[in-house]
Amino acid sequence: EGGDSTSDVVSNASRVGANGKIALDHGLQGIYQLEYETQVDDGGKDDDKQTFEQRNIFVGLEGAFGYLVAGRFDTPLKRAQKKVDLFGDLEGDIKNLITSNDKRESNQALYKTPTYAGLALTIAHIASETEEVNDGTSGAITYDRNSFYAAVAYDTDVADDGTDVIRVVSQYSIAGLTLGGLWETQAVSGVDKDTEGWVASAAYKVTSATTLKAQYGESDIVKEDGKTYSLGVDVKLAKKAKAYAFVTDETFAVNGSNQYYGVGVEYK
């Protein structure tokens, strides 16, 4: 703001946890996951200094019928984006300027069908646990086959009561090049005009260790007349480690713009 700049060390949603499966009778498996975010840079969240914050946590059953889980986790609409967002958890993450509907909700019961010829259906009921707030519903139909991915997702009463969201996603990979796109529209009860946003991304594997990335999007969902682009490079250091660098630029109608420049390392 006002042309000033700051430097920062950030943890970028670092997480720790456990997941697994338990063999049961009748062709069933018990499945579970406990995932917590931890702040590597300062040891706790800025607002409450908690060491760990809940992320995707669930228990459920898996079998020939598909799987059924309950707990706190990403909604089907959020999951539908898959890996179109090439700058997730960084300043270029689509949740910062493109969409406000990437939700992780508590009190969910989710069912996903088996995959047939690449097609699958996921539907989630989100219990409000109060009479004053509507229950939410989130669903997605996905197709994933032969390097092509596509999804259509829908939310109602998830972000807020009276809010409906439609999301369409597509991604295709060929000869080291991966292209992706996401479009979203949001309708809010009592508001005359719907808002919408979109983003397009491209990643190109220059060598077995180096990947170039680019992403551009426009949206009125988070901020009026928002526009953002990001450029980056990932360099593989080992099977589960990489170094990266990026630049992200944001512009919007009120209070101008932000620019970010970053370097980092990631280890899984």
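One definition before the first stop: a charged patch here means like charges joined within 9 Å, on residues with over 30% relative accessible area and no salt bridge. Keep in mind that the model is predicted.

Start by selecting Asp194, Glu196, Asp220 and Glu224, which make up a negative surface patch. Zoom in on Glu224: you'll find this residue in the loop between β12 (210–219) and β13 (226–238). Glu224 counts as exposed because its relative accessible area is 55%, and the cut-off for that word is over 50%.

Which strands each supply at least two residues of the patch? Colour β8 (148–156), β9 (163–174) and β13 to see them.

Stay on β13 and pick Leu231, which sits in that strand. Is Leu231 buried, partly exposed or exposed? Partly exposed, at a relative accessible area of 44%.

Now step across to β14 (residues 241–251), where Val247 is the bridge partner of Leu231. β13 and β14 run antiparallel, joined by 11 bridges, and they form a hairpin with 2 residues between them.

Last stop: β15 (residues 257–267), antiparallel to β14 and joined to it by 11 bridges. Select Lys242 and you'll see it opposite Glu266 in β15. The hairpin of β14 and β15 has 5 residues between the strands, and there Asn255 takes a positive phi near 70°.

Definitions and conventions
Residues are numbered from 1 along each chain as its sequence is written. This is a predicted model: local features need pLDDT of at least 70, side-chain atom pairs count only at pLDDT 80 or more; totals for chains, interfaces and linings use all residues. Side-chain values use heavy atoms; hydrogens and water are left out. Patches are made of residues with over 30% relative accessible area and no salt bridge: like charges are joined within 9 Å, nonpolar side chains (Val, Leu, Ile, Met, Phe, Trp, Tyr) within 5 Å. Accessible areas come from the Shrake-Rupley method with a 1.4 Å probe; for residues, only the protein chains shown count as cover. A salt bridge is a side-chain nitrogen of Lys or Arg within 4 Å of a carboxyl oxygen of Asp or Glu. Lys and Arg count as positive and Asp and Glu as negative; His and the chain ends are not counted. The place of a charge is taken as NZ of Lys, CZ of Arg, CG of Asp or CD of Glu. Helices (H or I, at least four residues) and strands (E, at least two) are DSSP runs, numbered from the N terminus. Buried means under 20% relative accessible area, exposed over 50%, partly exposed in between (1.4 Å probe, protein chains only). Two strands pair if DSSP finds at least two bridges between them.
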